[in-house]
Amino acid sequence: AAPGPCSYTTLRDEAVKLFNSLQQLELERDPVPLMQGVLQTCLDLPPLVDEIYCQLVKQTTEPPAPGGQGDLHYWQLLTCMSCTFLPSLPILRFLRFHLDRTESRFPASEMAKYACFIREALGKTKGRECVPSLEEILVLMRRQEMICTVHCPGAPACSVAISSHTTAEEVRGHVARELVSRLGLSQSPNLFALYEQSQRREQPVGSATLLADILTRFE
């Protein structure tokens with residue numbers, strides 16, 4: 001295999017490193033940085049995405065302690081994977097079978113709740129420019145949404161709940177409706193746009209851009 005980008009070596013070596021990271025994940029008290037590292041490697045080396053999905057399905061099948069902390073760490077990483085990458089079609093079928101089997105065997109359990117969340121996420125995921133931020137990973141571990149603050153000229157800031165799949169177009173529509181209501185602009189012909197502003201630049205945000213990717217860049 002050819003060397004990967006950045007400081008990566010061969011795909012085989014990186015796959016072994018990821019396997020070791022998964023083994024370590026089970027015992028981590030703070031698994032978030034390790035999860036983000038696994039996600040970043042998969043983003044940089046796409047051929048490893050299917051490998052990690054297979055490893056996570058294996059780790060969450062017949063675990064020694066179903067629903068224990070180590071088991072849930074694997075489910076949480078699987079949740080983050082499902083909101084970031086789509087596996088190939090054969091692996092996707094295998095994964096869905098695993099999710100159905102888990103919900104059937106452990107109804108109303110935390111594993112079943114993660115399985116349900118993952119299935120829904122897979123129906124929305126289209127690929128990410130950035131891996132989830134540390135904040136997003138923490139939110140995904142709880143199967144919740146993030147709160148995004150949009151600052152509006154001439155009006156108080158708007159707080160919008162977003163998921164890993166929320167686009168700029170969806171947020172812009174929400175904020176526009178909020179401003180029209182607050183400022184009495186129902187007859188105004190003006191349009192609204194979202195801008196990403198940092199110390200170095202200010203630029204409009206494309207309609208299809210995922211807000212979660214912008215938050216990761218700020219992190």
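Modeller: A residue counts as buried when its relative accessible area is under 20%, and as exposed when that area is over 50%. This is a predicted model.

Biologist: Are Arg128 and Asp213 buried or exposed?
Modeller: The side chains of Arg128 and Asp213 form a salt bridge, at 2.7 Å from N to O. Arg128 sits in the loop between H6 and H7, and Asp213 in helix H9 (residues 211-218). On accessibility, both Arg128 and Asp213 are buried.

Biologist: How many residues apart are Arg128 and Asp213?
Modeller: Their pair links distant parts of the chain. One end is in the loop between H6 and H7, the other in H9. The separation is 85 residues.

Biologist: How many helices and strands does the protein chain have, and in what order do the elements run?
Modeller: The secondary structure comes to 9 helices and 4 strands. From the N terminus on, the order is α-α-α-α-α-α-α-β-β-α-β-β-α.

Biologist: What share of the residues in the protein chain is buried?
Modeller: The protein chain has 219 residues. Buried residues make up 44%.

Biologist: What share of the contacts with a separation of 6 or more comes from residues 24 or more positions apart?
Modeller: The count takes contacts in the protein chain with a separation of 6 or more. Residues 24 or more positions apart account for 65%.

Biologist: Is H4 roughly parallel or roughly antiparallel to H6?
Modeller: The axes of H4 and H6 come within 9 Å. They cross at roughly 10°. Angles under 35 degrees count as roughly parallel. So H4 is, relative to H6, roughly parallel.

Biologist: How many nonpolar, polar and charged residues does the contact of H4 with H6 have?
Modeller: From H4, the residues in contact include Leu72, Trp75, Leu78 and Thr79. Their partners in H6 include Met111, Tyr114, Phe117 and Ile118. By class, the contact has 10 nonpolar, 3 polar and 2 charged residues.

Biologist: How many salt bridges does the structure hold, and which residues are linked in a network with Arg119?
Modeller: The structure holds 9 salt bridges. In the network, Arg119 is linked with Asp100 and Glu103.

Biologist: How many residues apart in sequence are the parts that Glu62 and Arg105 tie together?
Modeller: The side chains of Glu62 and Arg105 meet in a salt bridge, at 2.8 Å from N to O. Glu62 lies in the loop between helix H3 (49-59) and helix H4 (69-82), and Arg105 in helix H5 (residues 89-105), so the pair ties together parts separated by 43 residues.

Biologist: Which residue forms a salt bridge with Glu110?
Modeller: Glu110 is in helix H6 (residues 110-122), and its partner is in the loop between helix H7 (134-141) and strand E1 (146-152), 33 residues apart. Glu110 counts as partly exposed, at 33% relative accessibility. The partner's closest N and O atoms with Glu110 are 3.2 Å apart, and the partner is Arg143.

Biologist: What is the phi of Arg143?
Modeller: Arg143 lies in the loop between H7 and E1. At 23% relative accessibility, Arg143 counts as partly exposed. Its phi is positive, in a residue other than glycine, and is near 55°.

Biologist: What is the relative accessible area of Ala108?
Modeller: Ala108 is found in the loop between H5 and H6. Ala108 is not a glycine, yet has a positive phi of about 70°. Ala108 is exposed, with a relative accessible area of 73%.

Terms used: Residues are numbered from 1 along each chain as its sequence is written. This is a predicted model: local features need pLDDT of at least 70, side-chain atom pairs count only at pLDDT 80 or more; totals for chains, interfaces and linings use all residues. Side-chain values use heavy atoms; hydrogens and water are left out. A salt bridge is a side-chain nitrogen of Lys or Arg within 4 Å of a carboxyl oxygen of Asp or Glu. Helices (H or I, at least four residues) and strands (E, at least two) are DSSP runs, numbered from the N terminus. Buried means under 20% relative accessible area, exposed over 50%, partly exposed in between (1.4 Å probe, protein chains only). Axes are lines fitted to C-alpha atoms, for helices over the stretch in contact, and angles run from 0 to 180 degrees between N-to-C directions. Angles under 35 degrees count as roughly parallel, over 145 as roughly antiparallel, 65 to 115 as roughly perpendicular and the rest as oblique. Contact means heavy atoms within 4.5 Å. Ala, Val, Leu, Ile, Met, Phe, Trp, Tyr, Cys and Pro count as nonpolar, Asp, Glu, Lys and Arg as charged, and the others, Gly among them, as polar.
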